[in-house]
Structures are given as structure tokens and as C-alpha cells.
Amino acid sequence: MFDYRLKVFHTAASRLSFTKASEELYISQPAVTKHIKEIENQLGTKLFDRKGTSVQLTQSGRILYQYAEKIRNIYRDLEFEISQINEQHKGKLIIGASTTVAQYVLPEILARFNTYYKDIKIELIAHNTEIISDLLKEGKIDLGIIEGESQSSFFDYQSFKADEIVLTAKADHSLAHKTLHLKDLYQLDFIFREQGSGTLEFIHNRLKDKGINPEELHTVIQLGSSESIKNYLLHSDCMAFLSISTILNELKNNTLTVVDIKGFSIERNFHFILPKGEQSELIRLFLRFVS
């Protein structure tokens with residue numbers, strides 16, 4: 001039911017890539033461009049800025065993305081509400097989620113889920129990716145949602161939600177409005193997440209891909225949550241790589257800022273992590289709801 005042109009835009013905006021959108025939607029890249037151009041003509045505004053081989057949302061694009069996300073959720077909720085009129089679901093679902101997902105992504109989703117399935121009890125356990133994987137292996141949770149990229153033969157993995165990790169500093173940092181080069185990172189003071197964090201693993205791997213040795217970066221301190229890192233940043237000249245999902249309020253209130261790095265970005269997907277084999281009806285229901 002989701003308007004197709006809006007779906008094309010939403011996919012391209014989530015991935016910040018016309019190529020990835022075309023692959024995900026099984027259409028050509030020129031078709032992606034055509035659909036987005038039609039929306040731009042209809043609204044009389046530019047939605048994307050091209051930066052080399054990558055694209056970024058304009059201010060208009062960010063506004064449209066927010067509304068597209070709301071429209072997508074409304075359509076999904078409509079379809080679920082109608083489809084569930086004659087069905088009843090009861091039981092308990094134990095979800096394990098890495099800390100970023102548990103704190104910043106899941107609460108809104110779980111609130112909507114509870115609106116329609118009041119007889120399904122949800123228990124949410126938050127830990128880093130490594131511990132969530134262990135809990136699932138031990139059968140202590142029904143499914144996990146993680147932010148790391150290490151994969152195990154014990155589990156099945158499904159993409160959940162796109163995310164971007166950005167270099168973050170306090171808004172009045174001396175480098176706040178400058179564009180850095182990768183080699184500049186060796187001159188900075190950093191805060192990183194604790195060992196076992198999926199975010200830490202992902203950042204280190206992307207830096208290594210670009211020839212940066214994370215072991216040679218100056219790490220001032222390692223902290224166990226995005227909240228503690230954000231509060232530390234406010235009182236220091238350190239920088240940190242954080243999920244964009246974790247700093248939306250700080251960006252809005254102009255207390256933290258994103259520092260650009262020329263030719264470098266970190267995009268990822270959060271993933272469902274599931275036990276091998278047939279899933280229970282409650283797990284299948286939850287996966288359908290959030291897809």
C-alpha cells in the first residue's frame with residue numbers, strides 16, 4: 001500500500017545510495033533516479049545532494065524522509081490492525097538488543113506493538129552484541145537485535161534497520177565546522193565503546209578498510225554506553241564515533257555536532273539474530289510487524 005515513488009525515496013534515503021536502493025527494490029538505477037526526480041518536480045525542491053559517488057539528503061529531503069517514515073508506519077499499522085481483527089495472540093517474547101538499539105530504536109516500536117497485541121508480554125534485555133549472542137545461544141532470549149557484523153553459524157541473520165555512524169563532538173569544539181582528512185584522526189583524542197561492543201567492532205573494521213590503524217588512535221577512555229559518551233563529550237575536547245540514532249536530540253538542541261571526514265562514511269544495518277530453524281509464531285509475528 002505504501003506509495004511506490006515514496007517507497008523508492010525512502011529506500012534511497014535510508015541507504016544514502018541510489019545503487020543500493022535499486023538492488024533492494026530490484027529496479028534499475030535510472031528508474032530510482034526517475035522516481036525521485038518526479039517527487040522533486042512535484043514538490044518543487046531538491047531532495048539529494050551528490051558528493052562524488054555518494055548522496056546526502058538536503059534539508060527538504062530530511063523533512064520528506066521523516067514524513068515518509070510516518071506514512072510507512074501508518075500503512076503498516078493499518079494493514080496489521082485489519083488483518084488481526086479475527087485473530088488473538090497471547091504469550092511472552094523475550095528480546096535481547098544491543099544497547100544502542102534497546103535505548104534509541106526499540107521503545108517506539110514496542111509501544112506500537114503493545115497497542116495491537118496487549119496479551120503478548122515483552123521482556124527487553126539490553127547488553128552489548130557479544131552478550132546478546134551468548135544469551136541467544138543459551139536459549140535465554142527468543143531473538144536478538146544487534147549492531148555488530150561478526151556472524152556465527154549458530155544463527156540466522158536478517159536486516160532490520162539502516163544506520164549511520166558519525167564523528168561527533170561538542171557543538172563549540174574548535175573543529176566543529178571543519179572537514180577533516182582521515183590522517184587527521186591520529187591527532188585527535190577519542191572516546192570509544194567497551195570491548196565486546198558491536199559498534200566498536202564495526203568502527204574499527206571500517207577504519208582498517210581505509211588504512212587507519214585503530215590501535216594507533218589516542219583513546220582517552222572507553223565507556224559502556226552512548227549516553228555516557230555523549231555526556232563526556234559535552235565536557236571535553238574529545239571526539240567519538242556514535243550512531244546518528246543516538247544524537248538526534250543533541251543535534252536538534254545544538255549541544256553536539258557532526259564533524260565531516262572527507263571521503264569517509266560509516267553506514268551499517270542493525271540485524272535480527274535468530275536461532276536456526278523454524279521460528280515460533282510469536283517471533284514471526286514480531287518480525288512481520290517491524291518489517
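Reader: In strand E9, which residue is the bridge partner of Asp189?

Author: In this predicted model, local features need pLDDT of at least 70 and side-chain atom pairs count only at pLDDT 80 or more, while totals for chains, interfaces and linings use all residues. Residues are numbered from 1 along each chain as its sequence is written, and side-chain values use heavy atoms, with hydrogens and water left out. Strands E8 (residues 189-193) and E9 (residues 218-223) run parallel and are joined by 5 bridges, where pairing requires that DSSP finds at least two bridges between two strands and where strands (E, at least two residues) and helices (H or I, at least four) are DSSP runs numbered from the N terminus. In E9, the bridge partner of Asp189 is His218.

Reader: How far apart are the end C-alpha atoms of helix H3, and why does that agree with its 15 residues?

Author: The expected span of a helix is 1.5 Å times one less than its number of residues. For the 15 residues of H3 (residues 29-43) this gives 21 Å, and the distance between the end C-alpha atoms agrees because it is also 21 Å.

Reader: Within what arc do the buried residues of H3 fall, seen down its axis?

Author: Val32, His35, Ile36, Ile39 and Glu40 are buried in H3, buried meaning under 20% relative accessible area, exposed over 50% and partly exposed in between, with a 1.4 Å probe and protein chains only. The buried residues line one face of the helix, because the directions from the helix axis to their C-beta atoms fall within an arc of 140°.

Reader: Which exposed residues does the face of H3 turned away from its buried side carry?

Author: After H3 comes Gly44, with a positive phi near 70°. On the face of H3 turned away from its buried side, the exposed residues are Pro30, Asn41 and Gln42.
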